[in-house]
Protein chains: 4
Amino acid sequence: MSKFYALIAGTGAGTGRATALRFAQAYPVVLFARNPSSYEDIVKEIEHKGGQAVGITTDVADAQSLRRAFQTIDQKLPGSKLAAALYNVNGGFAKKPFLELTAQDFDAAFDGTIKAFVNFSQETLPLLLTSFPDAPHPPTLLITGATASLKGSAQFGAFAAGKFALRGLGQSLAREFAPQGVHVAHAIVDGVIDIPRLDHFTVNNGVEDGKIRPEAIAETYWQLHVQHRSAFTQELDIRPYVEKF
Amino acid sequence: MSKFYALIAGTGAGTGRATALRFAQAYPVVLFARNPSSYEDIVKEIEHKGGQAVGITTDVADAQSLRRAFQTIDQKLPGSKLAAALYNVNGGFAKKPFLELTAQDFDAAFDGTIKAFVNFSQETLPLLLTSFPDAPHPPTLLITGATASLKGSAQFGAFAAGKFALRGLGQSLAREFAPQGVHVAHAIVDGVIDIPRLDHFTVNNGVEDGKIRPEAIAETYWQLHVQHRSAFTQELDIRPYVEKF
Amino acid sequence: MSKFYALIAGTGAGTGRATALRFAQAYPVVLFARNPSSYEDIVKEIEHKGGQAVGITTDVADAQSLRRAFQTIDQKLPGSKLAAALYNVNGGFAKKPFLELTAQDFDAAFDGTIKAFVNFSQETLPLLLTSFPDAPHPPTLLITGATASLKGSAQFGAFAAGKFALRGLGQSLAREFAPQGVHVAHAIVDGVIDIPRLDHFTVNNGVEDGKIRPEAIAETYWQLHVQHRSAFTQELDIRPYVEKF
Amino acid sequence: MSKFYALIAGTGAGTGRATALRFAQAYPVVLFARNPSSYEDIVKEIEHKGGQAVGITTDVADAQSLRRAFQTIDQKLPGSKLAAALYNVNGGFAKKPFLELTAQDFDAAFDGTIKAFVNFSQETLPLLLTSFPDAPHPPTLLITGATASLKGSAQFGAFAAGKFALRGLGQSLAREFAPQGVHVAHAIVDGVIDIPRLDHFTVNNGVEDGKIRPEAIAETYWQLHVQHRSAFTQELDIRPYVEKF
């Protein structure tokens with residue numbers, strides 16, 4: 001019998017960590033991050049709870065680096081198959097007047113959203129296809145979107161362009177791969193995530209639960225993963241009860 | 001300690017029945033339908049599984065009838081509070097050239113979608129507000145939408161008008177009531193439901209799971225109900241993996 | 001040779017008047033309003049400029065009244081055919097907490113948006129069909145929408161429901177009637193109209209052109225009317241350059 | 001008094017040529033194309049009709065090449081200011097299974113849609129800003145979108161990603177620059193353009209006007225350009241009367 005693992009690209013203190021912990025209840029979890037400091041504590045936390053985790057240092061925007069990361073997975077989890085992959089990479093998205101943006105700013109924004117995702121989905125989709133139909137749940141590719149996936153706000157053009165692109169490609173992949181058994185879902189995370197780094201940052205007048213708990217996103221991601229194939233969700237939004245939208 | 005119940009308006013062999021069965025694992029369930037034949041078997045099925053169910057004959061489009069139905073709930077489940085309400089009423093939606101539609105056709109289409117929902121939400125929202133914050137999960141108002149919630153197809157104008165209206169009002173209610181603790185969520189069910197009555201109706205070339213399993217919708221509804229309030233989903237789509245969209 | 005006229009339902013000091021004046025440069029114009037005071041000055045203004053206008057007192061939400069209005073057109077403009085019809089009727093849309101709305105409030109909101117439009121389109125579409133292909137431009141049914149056509153804001157639920165319904169039905173009619181030569185277009189007017197009644201009402205910090213000039217809407221409506229049938233626009237938005245959106 | 005010119009990037013036999021001819025009725029027109037063969041005949045045609053046109057060979061996706069093209073404009077039309085710019089560049093968009101796409105395919109798709117547009121808008125927006133408020137109409141940046149701007153179809157992922165990105169960035173620019181007087185508008189061209197190269201390609205059962213006449217697009221583009229700033233359209237769709245959508 002095949003063993004299955006989950007993969008998180010874009011591991012940090014928020015959605016990445018929480019999703020890793022949630023999926024680790026069911027699968028060994030592989031964590032991709034550019035710096036070991038982004039995954040080391042999470043690996044320990046998962047192991048401490050009796051789960052299995054592998055951290056791999058890689059730059060998803062770099063196709064060669066990503067290729068090597070998957071080879072490392074083959075060595076660390078020999079014979080395992082991919083059950084679910086979360087694309088949670090975030091390019092920077094500083095607000096900036098359009099005419100002050102440099103070519104480097106754009107490339108960074110695109111590389112960190114859509115280009116890295118192209119690499120990631122080209123590596124993961126073939127693996128997900130081979131997991132069908134043996135996997136315990138439909139093999140799943142999850143994509144973290146943002147408010148900017150639906151709305152191009154002033155001075156957020158580069159970020160919006162990347163997030164719109166991600167949504168468009170995600171839709172296209174859903175249409176192409178769902179009939180082959182792979183679930184591609186896009187989540188529009190519309191709010192500020194409740195992570196230690198943003199503790200000083202007051203939103204929604206500081207009311208309780210005014211920031212999104214990463215564990216709540218992770219739970220929704222898990223529920224997307226276990227949906228029956230006759231009832232796939234392609235897109236949903238996630239926001240705090242007090243968020244203006 | 002308060003007891004809580006769930007309410008399903010629009011009970012039939014598909015989504016209504018499956019949602020009743022799913023929520024009956026956690027709550028007593030009240031079923032609204034215009035004819036006892038729509039809920040009698042479901043009540044028995046729930047009771048057979050050790051759950052509790054109450055069927056009430058009512059026409060949600062008729063405000064007086066609906067008022068009496070809630071009085072009946074008070075008698076049957078004294079002291080119980082509303083944890084979740086599903087609006088699953090469907091007006092008829094025969095395809096028809098626009099110029100052949102009669103005033104009666106329109107009224108029926110509107111009554112069975114938006115007008116009945118206005119009645120239903122005016123009765124349930126005050127109850128859901130009083131369930132906050134004691135209820136085990138955020139009090140929830142669920143709305144079943146359809147492909148026609150997003151797209152007005154030729155010769156489906158009356159149906160689309162009602163479904164668009166339902167979506168618009170649902171959005172408005174989410175913005176008004178979420179900050180008060182009530183979760184209002186809208187599901188776009190885009191596909192044919194797998195119910196006995198439609199067994200003869202072939203879709204998606206008859207492939208396995210080409211129709212939506214009602215149980216899968218019910219499970220997604222349950223997961224919406226138990227979402228943490230820092231991460232509410234307002235809208236999601238549900239469709240078979242092979243559905244064209 | 002047939003003569004053609006234009007028809008404006010919902011005549012007031014803003015979009016209705018301006019559109020009447022614009023279309024009167026090409027056609028006799030018929031104005032529908034519930035009160036003669038809404039059209040009398042416009043009729044005079046058009047006649048003063050050398051155009052032809054007919055004001056008719058009618059309630060578009062009342063099918064019988066509307067039927068008589070079209071009979072009056074037959075008498076006043078015998079043998080004339082309908083070139084373009086604008087549905088510019090606005091139900092009231094006071095902001096109000098949902099639970100304070102009465103059944104009357106809803107009926108008024110629906111009657112003044114979607115129900116009146118059903119009446120209006122059932123009367124005008126058969127006329128527009130007979131105008132094809134002789135009319136100088138594709139026979140056109142224009143619909144005035146609003147911000148609430150796309151977004152259900154808190155406490156605007158009744159208005160949003162009506163406007164969503166209007167948009168959904170408009171789409172359906174476009175898909176059904178465009179192939180028969182009739183252009184159905186929906187305009188999302190997103191801003192405050194610059195009319196005398198709202199002179200006291202400051203928007204966009206009172207900057208010049210911060211309110212929408214009715215003449216500018218009318219010009220866009222005219223351009224929709226004269227579009228070639230190989231390049232119909234089904235929907236567009238209209239807003240001031242300084243409007244937040 | 002300043003003189004003004006219009007600029008078309010992405011000149012071919014369809015929309016580019018027709019828009020050049022339309023705007024040449026009011027302004028000298030500059031045409032950008034990668035090959036002189038794409039603009040030479042159009043320049044002659046405009047001159048033959050008494051207009052003024054300048055063709056410039058440039059690759060909009062190459063920032064250096066584009067920079068030089070604007071220097072050439074300064075030499076050819078000294079002292080002239082930019083009244084309107086159309087971004088009509090189309091990357092290739094062959095349908096292709098996602099897993100067969102190469103990194104080169106993606107780069108080509110992105111370069112030819114979003115990256116070239118970033119270059120183009122960074123060059124044109126500063127010029128358009130200086131044209132306000134002297135220009136006869138609000139300085140305008142027009143963007144040609146496609147069906148894929150709204151929908152990511154199977155096996156069109158790279159194209160959809162670029163077109164979604166273009167739409168998102170266009171929205172952001174509209175929000176940033178409209179308050180400064182520059183009109184940014186996005187047109188979703190949903191259909192096949194009627195150009196000689198596609199004469200063999202039957203759509204909509206070959207009915208008359210089943211393909212979009214480029215002149216009709218050009219007229220709509222002109223009307224967007226001359227809109228009053230109190231009533232800007234940010235987005236509209238354009239499709240044949242018989243197009244399924």
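In chain C, the side chains of Arg213(C) and Asp209(C) meet in a salt bridge, with 3.3 Å from N to O, the term denoting a side-chain nitrogen of Lys or Arg within 4 Å of a carboxyl oxygen of Asp or Glu. Arg213(C) is partly exposed at a relative accessible area of 36%, whereas Asp209(C) is buried at 13% (buried means under 20% relative accessible area, exposed over 50%, and partly exposed in between, with a 1.4 Å probe and protein chains only). The model is predicted, with local features requiring pLDDT of at least 70 and side-chain atom pairs counting only at pLDDT 80 or more, while totals for chains, interfaces and linings use all residues. Residues are numbered from 1 along each chain as its sequence is written, chains are lettered from A and ligands numbered from 1 in the order in which they are written, and side-chain values use heavy atoms, with hydrogens and water left out.

Over all chains, the structure holds 48 salt bridges. In chain B, Arg213(B) forms one with Asp209(B), the closest N and O atoms being 3.3 Å apart; here Arg213(B) is partly exposed, with a relative accessible area of 35%, and Asp209(B) is buried, at 12%. Another salt bridge, in chain C, is formed by Glu123(C) and Arg67(C), whose closest N and O atoms are 2.8 Å apart. Because Glu123(C) lies in helix α4 (residues 103-131) and Arg67(C) in helix α3 (residues 63-76) of chain C, this pair ties together parts that are 56 residues apart in sequence; helices (H or I, at least four residues) and strands (E, at least two) are DSSP runs, numbered from the N terminus. Glu123(C) counts as buried at 17% relative accessibility, and Arg67(C) as partly exposed at 36%.

Between chain A and chain B, 31 residues of chain A are in contact with 31 residues of chain B, contact meaning heavy atoms within 4.5 Å. The area buried between the two chains is about 2,700 Å², of which carbon and sulfur atoms give 51%; buried area is the accessible area (1.4 Å probe) that two parts lose on being put together, summed over both. In chain A, the residues that lose the most area to chain B are Arg229(A), Tyr241(A) and Phe245(A), together 27% of what that side buries.

The count of salt bridges between chain A and chain B is four, and among them is the one in which the side chains of Asp209(A) and Arg229(B) meet at 2.7 Å, N to O. The elements that give two or more residues to the side of chain A that touches chain B are α5 (157-177), α6 (214-225) and β7 (235-238) of chain A.
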